[in-house]
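Let us walk through this structure step by step, beginning with a single residue and widening the view from there.

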Amino acid sequence: QVTDDLSVIYKVGLDTYTERQAYKLNKNGLSFPNGFYNTFDIANRIWDNSVIVSYSKSVSDKLSLAAKVGGNMRNDLFESTFTSSQNQLAAGLFRHQNFVDNVSSEFRQEETRMGIFGEVTADIGNSLFLNFAGRNDWTSAVEPENRRIFYPSGSVAFVPTSAFKGLESNFLNFLKIRAGVGTSAGFPPPYSPRTVLAQGARSFLNSAGATVQTHSVDNFLGNPNLRPELQTEYEFGVEGKILNNKIGFDLTLFRRDTRDLITNAPLDASTGYTSTSVNVGKIRNEGIELSLNGTAIKTDAFGWDVNLVYSRIVPTVLDLGGSLTEIQMTGFGGSLGNYAVVGEPFGIIKGTGFRRNDQGQLLVDGGGYLLATTGPVILGDPNPAFTSSLINTLTYKGFSLDFMLSYRHGGAMYSST
């Protein structure tokens, strides 16, 4: 605490865990008569450092200001070692040196992210609240020319029941109106911009029984133009409490635009690769969320609180960049899969369908079989029409029980056996 109004905070955090997995089969068994031993060791470590300078000042009885600036640096490191051994020498002893044949692989993934940020808030008469913030991040996960991204935000909230004292009553206990625009960033996994080399020390045996080593280009095609994605959300909401705080409500209308959405896209194997990461031009999610909460039963010993949440989100692909009109994001084999198609819901399911005439009737060939389409067509929308949940809290003499019922309406699914 530098002064009564100014403070400086430095925080450092370490989040780490290790995991060891082992799969053991003694020799003379049915599935692996010669014995089998797998080990998989994982180590994950996250260092997080932050410096925050905060300032707050009560200018008057009706105006309070607060501001903060700071910086953050985070380093993520993930390492794993996999070893597989066969042809056990002595039964019951599980050490890799007790097996004739051993194959191992190692994986290491590291990312560093740095950011600076600032925020200013104002409280006017305990009824009008203003907030403006911004953050700039740099990440090592993409090429140097694409590492920087800035995302600001701003919001305003007005509480009529505090501004106008006569408005508050036994019926209307609290009312708040809010609006805001915010942005956030998303980053791809490390090394996504690069095509890497796959190495195999014991890929196969030749006709003489000698081990053959291989070096090959990985199936994943790196995209050096990959950029962080940016989400911009516009929100308007009303929340309040009525009937002596027995019933509460919260209504939110929002629109979320995602630019340069990062997604994996399958590639034809004839290209030499099977997948890559791409930035999808612009995706829009529009929706509404309504929450109602209240007390159904309240006695000296027993209470039942209920919270009902309804949500409807409509995702639409607005642009894919350049002249692209569709991208296959996932596949179940051939053209069947989830697509991003301009003007359609995000993730639409496309695949081979059946041909119909202008009246919508199915067409059949001379043998009585349905005629298939010559190319993929839209089969369904996997996005639900709406979702809802009912959260219940039961209390009895100091004990509580929470349970939830959820419901999802609509949304196509693909299933096969």
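In which strand is the place of Leu 14? In this predicted model, Leu 14 has its place in strand β1, an element that covers residues 6-25. With a relative accessible area of 47%, Leu 14 counts as partly exposed, because that class lies between the limit of under 20% for buried residues and that of over 50% for exposed ones.

Leu 14 also belongs to a nonpolar surface patch of about 650 Å², which it makes together with Val 2, Val 8, Tyr 10, Val 12, Trp 47 and Val 51. The elements that contribute two or more residues to this nonpolar patch are β1 and β2, and the largest contribution comes from β1, which gives 4 residues.

The two strands that supply the patch in this way are also paired with each other: β1 and strand β2, the latter spanning residues 36-60, run in the antiparallel sense and are joined over 20 bridges. Within this pairing, Thr 18 has Ala 43 in β2 as its bridge partner.

Strand β3, made of residues 63-88, is antiparallel to β2, and 24 bridges join the two. How many residues lie between β2 and β3 in the hairpin that they form? The hairpin has 2 residues between these strands.

Taken together, β2 pairs with β1 over 20 bridges and with β3 through 24 bridges, with both pairings antiparallel.

Technical notes:
Residues numbered from 1 in each chain as written. Predicted model: local features only at pLDDT ≥ 70, side-chain atom pairs only at ≥ 80, totals over all residues. Heavy atoms only, no water. Pairing = 2+ DSSP bridges. Patch = residues over 30% accessible without salt bridge, like charges linked within 9 Å, V, L, I, M, F, W, Y side chains within 5 Å. Areas by Shrake-Rupley, 256 points an atom, 1.4 Å probe, with all protein chains shown as cover. Salt bridge = Lys/Arg side-chain N within 4 Å of Asp/Glu carboxyl O. Buried < 20%, exposed > 50% of the residue type's maximum accessible area, 1.4 Å probe, protein only.
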